[in-house]
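Subject: A structure to look through, with notes

Dear colleague,

Please find the structure below, and have it open beside you while you read the notes that follow.

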Amino acid sequence: MTEARPSTLSPLAALAPPSSSRTWQTAPHPSLPIVATACSDRSVRVYSLTSFNLLHSVTGGHKRSVRAVSWKPNTKGQSVLATGSFDSSAGIWRREERSNNEDDFTNRRIGAAEDEDGRDEDDDYEFSCILDGHESEIKSLSWSPTGQYLATCSRDKSVWIWEELEDDNFETVAVLQEHDGDVKCVAWHPEEDLLASASYDDSVRLYREDADDWVQVACIAGKEGHEKTVWWVEFEGSGMSKKDFRAQREGLSEEQQRYIEGLERSGPRLATCSDDCTVRLWRRKPRDQPESASSNTGIPSIIRSAAIDEDWYQEAILPQVHERAIYSVSWSRISGLIVSAGSDGKIIVYKEQWRKQTPNGTTGGESGEHMDVDASRADQSNSLTEWVVVAELFSAHDVFEINHVTWAKRADKGKRREDEEVVVSTGDEGEVKVWTLDDTTQA
């Protein structure tokens, strides 16, 4: 018998018209109420989240399926979209926007002269340039938070980092070949130029720049990592330790206060999902002392600084509800909720909460941050928090696999509050569906 959940995922809309071929990924725009979907028919479809209709069909840049899409952040006056394809290339597309303000965009759309499908024929996305170098299909790409770097990864086992020097002029600054298998996903840390990658070789690797060279600073693999292919990596939002339940500082125990302080020192955590049917969270061990001042002498060195290495450890394995491979996980930057989806057609939503106190008044384990850091490697029952499933949806795309799932800000006229989010799922049958998360415990 299926366990009752406190929330439910309810269908809001299906983006129309759907693709006639497989869809891989849907990326919400960082500031506008639109999403871009990567399609197997060599196109990218841009849909409105206010009308749920197709606005643009972006074609002509790739010779094979578009596998991945990523919007460049912090652009003014234009939208910049990166696309990764099975043809081994990445494309850069640009579109001039009369406004990057969501309200202005929505109002303009309502009054604009659009055709019956809701398309704006005045402007389209222009193909700016192509980035060549990979020897096989690109599986994922991601802009850094500042927009300075674009990371791409491929079946050729490599991760490339590109730097945009000026419009349409990109330079390859790193070719990282640490993985032993197909690299499935890349993601940037929200506060630092720190890049994570996930691979068919069952590992997660992290990189940063050191002495004008990009190097691996951590590897999550072996007995402390996933047991099978890692499909997706995504960082927690910036400053989330100060939000949600953790923001309620009054009434917290000293142990809980120390846990929050430890999270703030560690910075955003990392979520991963795998063929082993698990979603896992990783946390960086804070440094006891600042990095050696010798790294700031200004004197070039061919010797890599050991201080750049990082220690990432497993903080939690989320409740195991999926029955087959998990392809995608998304961590809300508003609520802190996590959503996952994959081969079994399920969409699962998880929430973090304080672990219930034991009879002696503690939340388990000894007190102190170092206890939490060390004990969590082997026994997460010592953790002060736990993750619970709050919503579970079966057969979200009928019998088809779900290739990607993400949170997006709700923008249609039915939104119930300004910070409300929706879940957007992308399926093998070509459908992109939008879901609301409803609390079933309230009337």
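This is a predicted model: local features need pLDDT of at least 70, side-chain atom pairs count only at pLDDT 80 or more; totals for chains, interfaces and linings use all residues.

Side-chain values use heavy atoms, with hydrogens and water left out.

Two of the listed repeats can be described by their secondary structure, for which helices (H or I, at least four residues) and strands (E, at least two) are DSSP runs, numbered from the N terminus. Residues 176-207 are 0% helix and 50% strand, with end C-alpha atoms that lie 9 Å apart.

Next, the strand β4 (44-48). For this part, buried means under 20% relative accessible area, exposed means over 50%, and partly exposed is in between (1.4 Å probe, protein chains only). Strand β4 is mostly covered, since five of its five residues are buried. From this strand V44, V46 and S48 point one way, whereas R45 and Y47 point the other way, and all are buried.

What does β4 pair with? Two strands are said to pair if DSSP finds at least two bridges between them, and in general the strands of a sheet pair through backbone hydrogen bonds, either parallel or antiparallel. Strand β3 (residues 34-39) and β4 pair in the antiparallel sense over five bridges, and I34 has S48 in β4 as its bridge partner. The hairpin of β3 and β4 has four residues between the strands, and in this hairpin R42 takes a positive phi near 75°. Strand β4 is also joined to β5 by four bridges, and these two run antiparallel, with V46 standing opposite H56 in β5.

Some backbone details deserve a careful look, given that most residues other than glycine have a negative phi, and most peptide bonds are trans. In the hairpin of β4 and β5, which has five residues between the strands, F52 takes a positive phi near 65°, and F52 is buried, with a relative accessible area of 13%. N74, which lies in the loop between β6 (66-71) and β7 (78-85), has a positive phi near 60°, but N74 is exposed, with a relative accessible area of 60%. A cis peptide bond joins A16 and P17, with omega about -10°, and P17 is placed in the loop between β1 (7-14) and β2 (23-28).

Finally, there is an open sheet of four strands in the order β6-β7-β8-β9, with antiparallel pairing. Its edge strands are β6 and β9 (126-131), each of which pairs on one side only. Within this sheet, β8 (residues 90-96) and β9 pair in the antiparallel sense over five bridges, and G91 stands opposite I130 in β9.

With best wishes

Conventions:
Residues are numbered from 1 along each chain as its sequence is written.
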